[in-house]
Amino acid sequence: MNKKYLFILSLLLPPAMANAQGNGQDMTTAKYADTTKKWTLHDCITHALNNNITLKKNQVTILSSKENVEQAKAALLPSLSASTNQSFGWRPWNEAGVSTVANGTVVNKVSKTYYNGNYALNAQWTLWNGNKNRNTLKQNKLETEKAELDSATNANMLKEQIAELYVQILYLNEAIEVNRQSLATSKKNEERGKMMVEVGKMSKADLAQLTAQTKQDEYNIVNAQAQTEKAKMQLKQILELQGDIDFDIVIPEKNDQEALADIPALQAVYEQALATRPEIAGSLLNIESQKIGVKIAKAGKMPQINMTGGMGTSTTSMNNHGGSYQLKTNFDATLGLSLSLPIFDNRSTKTNVNKARLAVIDADLDLQDKRKTLYSTIEGYWIDANTNQQKFKAAQASVESMQASYDLLSEQFRLGLKNIVELMTGKNNLVTAQQNMLQSKYMTILDIQLLKFYKGEEI
């Protein structure tokens, strides 16, 4: 995740803010297509879980894995097949009508053309192959569980992305309100400046600076609104909503207490995440699956015992007996056991076993990497939450101080005790403090919510 998105966003915001800082409709979609509806965070997450293309593809993968399980179960049972062969023959140099006589009875006849029919039913059952078939079934079941956990991992990533964008929109929405307040103040200063020009207490050059400040604030509002629409567009894309659908989110009442809430303990969040996060559970299953893969590879050294059976019969036009008689007299049945023992397979089995063992090592390293990444991610959220919460507390005091300072400057400017440069500097300092407070506030809220999410709570 891009934890610096708010900072990047600040670079796209108006200059005053930048100085303060130092980015096919289904039925469910139709449900939310009502332009009068505003989406809550819960609405966004629920809709995305039902409509996101990546998650739908994950479901296809899960279904495919379940088919592999059914195939592995069927491999434990005997196989049965039926076959028939119908053929016509032609012997151009045989004399038609020639026959063989035994005891005064015509047994066979010879013709230039003849017809043969063969009918067979065959069965085979693998009784033993080093437990390869049973281990394959176990492995396929684990792969199905892992596919489900992979889908859950992607769902969690989707929830985080939605939460980030949602908070970004809330931040931008409040930033617009700050800019509007700044614009209102600039307009008052401009009107006051016009009056002072009329009475000769201000030059037109100074008035031009106040007018420019008003225009800059108007530009800042338009720019912030554009950034808000861009963030909404990105959220719509994640929700798989069509571009022509009007979209807006619910703006909750301003509540600074969420940014002042207790921050979950780092170790407690990590330990809970290890026990509940699907990516960790998936890695553990992968190790177990690869270990079974070693057993499957070793089965290549084992003997294989198969039971075979079959029955069949045939008919021919070269016999003067009827077809039913031939089917009866030509019927035969077989039953047997076959044993195959590998002796030399050009190192194929040894190579497979070694590769399977390496796959176990790789899976174990993957688990270690995921644990390390998980701790790093949680630690990053925890550090950011503590840092931003302290910044927010300091920013609150700074805004109060800057507001008081600007009110005093404004009054002194009205009395002619302060010049326009001092007034505009004070105003920019106030906007800077307000933006610092907003940024630290919403980053703290996001970090705390994500820490709770990794602890197992819903966002």
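I take a helix here to be a DSSP run of H or I at least four residues long, with helices numbered from the N terminus.

**Entry: confidence.** I began by noting that this is a predicted model. Its mean pLDDT is 88, and I found that 88% of the residues reach 70 or more. Over residues 1-35, however, pLDDT stays under 50, although the model has 82 contacts beyond four places in sequence for that stretch.

**Entry: Lys-232 and its partners.** I looked up Lys-232 and found a salt bridge with Glu-229, in which the closest N and O atoms are 3.8 Å apart. The two residues are three places apart in helix α7, which means that about one helical turn separates Lys-232 from Glu-229. Lys-232 has a relative accessible area of 10% and is therefore buried, whereas Glu-229, with 48%, is partly exposed. I then found that the side chain of Lys-232 also meets that of Asp-248 in a salt bridge, at 2.9 Å from N to O. Because Asp-248 lies in the loop between α7 and α8 while Lys-232 lies in helix α7, this pair ties together parts that are 16 residues apart in sequence. Asp-248 is partly exposed, with a relative accessible area of 25%.

**Entry: a pair across the chain.** My search of the whole structure gave 16 salt bridges. One that I followed up joins the side chains of Glu-458 and Lys-159, at 3.3 Å from N to O. It links distant parts of the chain, since Glu-458 sits in the segment after α12 and Lys-159 in helix α6, 299 residues apart.

**Entry: the nonpolar cores.** The largest nonpolar core has 54 residues, and those touching the most other members are Cys-44, Ile-162, Leu-235, Leu-239, Phe-247 and Ile-378. I listed the helices that each supply at least two residues of this core, among them α4 (41-51), α7 (204-238) and α11 (348-414). Helix α6 gives the most, with 13 residues. I checked Ile-162 individually: setting aside neighbours within four places in sequence, I found Ile-162 in contact with Leu-41, Cys-44, Ile-45, Ala-48, Leu-235, Ile-238 and Leu-239. Apart from this core lies another, of ten residues, including Met-202, Leu-207, Phe-413 and Met-424.

**Entry: Gln-290.** I placed Gln-290 in helix α9, which covers residues 278-298. Leaving out residues up to four places away in sequence, Gln-290 touches Ala-356, Ala-359, Val-360 and Ala-363. I also looked at Gln-139, which is 151 residues from Gln-290 along the chain, and found their C-alpha atoms separated by 8.1 Å.

**Entry: a nonpolar surface patch.** On the surface I found a nonpolar patch with about 880 Å² of accessible area together, formed by Trp-125, Leu-127, Trp-128, Met-302, Ile-305, Met-307, Leu-335, Leu-337 and Leu-339. Strands β4 (113-128), β5 (304-316) and β6 (332-340) each supply at least two of the patch residues. I looked at Leu-127, which is found in strand β4, and noted that it counts as partly exposed because its relative accessibility is 33%.

Notes: Residues numbered from 1 in each chain as written. Predicted model: local features only at pLDDT ≥ 70, side-chain atom pairs only at ≥ 80, totals over all residues. Heavy atoms only, no water. pLDDT = per-residue confidence, 0-100. Contact = heavy atoms within 4.5 Å. Patch = residues over 30% accessible without salt bridge, like charges linked within 9 Å, V, L, I, M, F, W, Y side chains within 5 Å. Areas by Shrake-Rupley, 256 points an atom, 1.4 Å probe, with all protein chains shown as cover. Salt bridge = Lys/Arg side-chain N within 4 Å of Asp/Glu carboxyl O. Buried < 20%, exposed > 50% of the residue type's maximum accessible area, 1.4 Å probe, protein only. Core = buried A, V, L, I, M, F, W, Y, C linked by side-chain atoms within 4.5 Å.
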